[in-house]
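Subject: Structure handover

Hello,

Here is the structure we talked about. Please open it first, then read the notes below.

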Amino acid sequence: MAAGDARKHEKAIDISGLDYAFGEHEARKQVLYDIELAVAPGEFAIMTGPSGSGKTTLLSLVGALRRPQQGRIVCVGSDLMRLQGVELEAYRTGLGFIFQLHNLFPALTAFQSVQMAADLRDDLPGDKMERIASLLTELGLGERLHYRPSKLSGGQRQRVAIARALVHRPALVLADEPTAALDSQNTEIVLGLFRRLARENGTTVLMVTQDARVFERADRLVNLVDGRIDSDSRR
Amino acid sequence: MASLRTAPIFSLRLLIHEPARLWASIGGVTFALLLMLLQVGFRNALLDSALQLLRSLDADIIVMDKEKKPFLARVGMAKERLYQAQSIVGVESAAPLWLSMLQWKNMEDGTVHPIRVVGLDPDSPTFLQSEVNALIGLLRQPGTALIDSRSRSSYGYVGRGMAQVGRTEIEIVGTFPLGTDFEVDGTILVSEETYFKLTKYQRFQTHKLIEVALLKLGPDADEEAVLASLAHHLPTDAVALSKQQLIERDLEHWKSGTPISVILMVGVALGFAVGVVICYQILYTEVLDHLTEFATLKAIGYSDRYIQIAVVVEAWVLSIFGFLPAMAIGWTMLETLRQLSGLPAGLGVDDAVTILILSITMCTLAGILALRKVRVLDPAELF
Ligand SMILES: Nc1ncnc2c1ncn2[C@@H]1O[C@H](COP(=O)(O)OP(=O)(O)O)[C@@H](O)[C@H]1O
Ligand SMILES: [Mg+2]
């Protein structure tokens with residue numbers, strides 16, 4: 001199982017010789033070339049780079065939403081080249097996805113949205129309802145637990161989506177520009193949550209951002225340019 | 001494994017969130033079910049009305065010409081068969097019945113309408129209705145008749161008094177309850193003598209013929225044995241069937257052998273198809289509008305099955321909440337029709353169950369069709 005304490009694996013993300021191309025034949029367009037990337041459990045890695053360089057694509061490969069044509073990709077103990085069916089579902093349950101768009105159900109309140117993610121896991125310690133409420137409160141939504149997306153601002157929706165991704169204490173958080181819609185105060189809160197999850201749970205965070213202000217908060221800074229890793233620095 | 005337990009609640013939340021759409025969807029399902037319900041009701045009316053005369057006869061076994069089918073078709077049989085049947089061991093009594101069709105004159109507006117004329121022997125048990133048996137003695141007086149109190153309003157005044165049937169004046173001396181059918185607007189009962197007086201202008205009417213013989217068995221008689229004995233002793237131009245056998249044979253005839261019944265079945269099938277299309281439209285739009293959210297569910301680890309269950313539960317909710325108003329409206333419409341036409345166009349519990357099952361099947365089918373879209377959902381497009 002990918003879930004639970006992520007520290008039991010030597011590497012949270014272990015990628016080597018990874019190529020990825022969209023389309024086939026004449027339409028084939030390679031966007032990732034020979035990626036080598038190893039991220040340790042509990043590490044907070046930021047991936048940056050110009051638009052169109054392949055950051056989102058790499059994130060979706062790590063999230064097992066796509067399958068690479070070439071290379072090795074093993075994350076929190078699962079070989080993503082082989083993952084299928086129930087194991088694939090289980091792998092995804094062990095992740096926390098934060099998409100560029102929040103993708104919240106208009107019919108569900110903030111609380112219910114987060115509960116959808118929490119319901120996937122029966123092995124969470126403590127009271128589930130309390131955990132959901134306190135996480136949302138921590139994200140400044142304590143007053144809006146039972147609001148639907150239509151009654152929330154863009155930043156509030158994004159924070160609901162973040163709570164949904166974190167509530168089950170995933171082994172690996174994959175976040176695509178999660179703070180783009182947030183002010184600096186809320187950005188701080190979210191980064192603080194990432195850090196705490198890393199410390200308490202060994203959660204690994206791979207976060208795409210263009211926001212230079214948050215670079216200094218990361219353990220790792222990976223720069224992707226034209227589908228290749230241009231620089232990779234530990235801080 | 002993602003838990004499937006919460007799928008129905010999730011599905012209800014999706015439905016309730018958009019009340020306007022929910023009402024429109026329920027309305028669509030109701031409409032389709034109403035189409036089916038009315039067809040079923042009409043079909044019941046056809047079957048029940050075509051059988052009501054036969055059902056009300058007081059007989060264990062009925063002997064008739066072998067060509068007579070269904071029971072309401074008029075085919076004469078030699079009167080001798082009545083006496084032959086009467087002599088069979090186990091037969092306690094045998095009563096003749098005559099059947100004809102004449103025109104009833106509406107005295108209020110002068111129009112004429114078809115009426116069934118049933119001739120009987122006032123001294124033999126013929127009908128089960130106590131109303132008939134209480135008044136049957138009156139028919140011994142020639143030129144008198146009992147009339148169906150449930151006759152259609154096209155007859156004008158229906159009750160005691162003088163009336164004109166065919167070219168003959170008769171006196172109505174009482175009423176009994178029966179009901180109309182697709183052939184006639186009502187029925188009168190008369191004695192043998194009056195019957196021949198009324199029908200003397202019709203061809204083929206002769207005292208040598210009766211329509212059927214109604215047999216009652218003795219208390220110890222074995223119906224099977226009597227039927228076998230009748231089959232053995234009667235000439236081959238006649239057949240003997242128990243009343244129940246004849247009812248079943250007639251039911252079969254009206255169900256599958258008549259164009260109108262087939263048309264009504266096609267109507268049910270059409271209602272079903274319309275229902276599937278409506279439901280599909282509803283659920284497909286529902287799925288389409290939530291495509292990215294469903295993809296998100298898949299991305300965070302929910303199975304296809306979870307989404308399938310959610311959509312199918314939505315379909316079931318629609319099918320049940322569409323069923324209830326359809327039942328209420330359909331029942332009211334058929335009841336109104338029954339009162340206006342005298343046709344027994346009712347709905348039984350078995351019909352309600354059938355329609356409910358059809359409704360659930362219809363919506364489930366539509367849900368499964370709408371779900372094809374979810375199966376090809378690619379959560380990768382979300383990032
Ligand atoms: N579904 C797709 N089909 C074809 N090309 C795509 C698709 N998604 C992204 N690309 C292309 O792949 C490249 C990398 O895109 P992306 O990973 O989104 O970059 P980034 O997130 O760094 O901006 C871009 O050139 C983009 O046009
Ligand atoms: Mg991107």
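How many salt bridges are there between chain B and chain A? The count is 0. A salt bridge here is a side-chain nitrogen of Lys or Arg within 4 Å of a carboxyl oxygen of Asp or Glu.

Some ground rules. This is a predicted model, in which local features need pLDDT of at least 70 and side-chain atom pairs count only at pLDDT 80 or more, while totals for chains, interfaces and linings use all residues. Residues are numbered from 1 along each chain as its sequence is written, chains are lettered from A and ligands numbered from 1 in the order in which they are written, and side-chain values use heavy atoms, with hydrogens and water left out.

The interface

Between chain B and chain A, about 2600 Å² is buried, and carbon and sulfur atoms give 67% of that. Buried area is the accessible area (1.4 Å probe) that two parts lose on being put together, summed over both. Across this interface, 3 residue pairs are in polar contact, both residues at pLDDT 80 or more. A polar contact is a pair of N or O atoms within 3.5 Å; within protein, one must be able to donate a hydrogen and the other to accept it, and residues adjacent in sequence count only if both atoms are side-chain atoms.

On the side of chain B that touches chain A, α1 (7-17), α9 (291-299) and α10 of chain B each give two or more residues. α9(B) gives the most, with 7 residues. Helices are DSSP runs (H or I, at least four residues), as are strands (E, at least two), numbered from the N terminus. By class, this side of chain B has 14 nonpolar, 8 polar and 7 charged residues. Ala, Val, Leu, Ile, Met, Phe, Trp, Tyr, Cys and Pro count as nonpolar, Asp, Glu, Lys and Arg as charged, and the others, Gly among them, as polar.

Helix packing in chain B

The axes of α8(B) (residues 259-289) and α10(B) (residues 304-341) come within 11 Å and cross at roughly 140 degrees. Axes are lines fitted to C-alpha atoms, for helices over the stretch in contact, and angles run from 0 to 180 degrees between N-to-C directions. B:Ile282, B:Leu283, B:Glu286 and B:Val287 in α8(B) meet B:Val311, B:Glu314, B:Ala315 and B:Leu318 in α10(B). Contact means heavy atoms within 4.5 Å. These residues are 6 nonpolar, no polar and 2 charged.

The axes of α8(B) and α9(B) come within 4 Å and cross at roughly 65 degrees. B:Val287, B:Leu288 and B:Asp289 of α8(B) touch B:Leu291, B:Glu293 and B:Phe294 of α9(B).

Other points

Over all chains the salt bridge count is 28. One is A:Glu200 with A:Arg169, whose closest N and O atoms are 3.5 Å apart. A:Glu200 is in helix α6 (residues 184-201) of chain A and A:Arg169 in the loop between α5 (154-166) and β7 (172-176), so the pair ties together parts 31 residues apart in sequence.

The peptide bond from B:Lys69 to B:Pro70 is cis.

Regards
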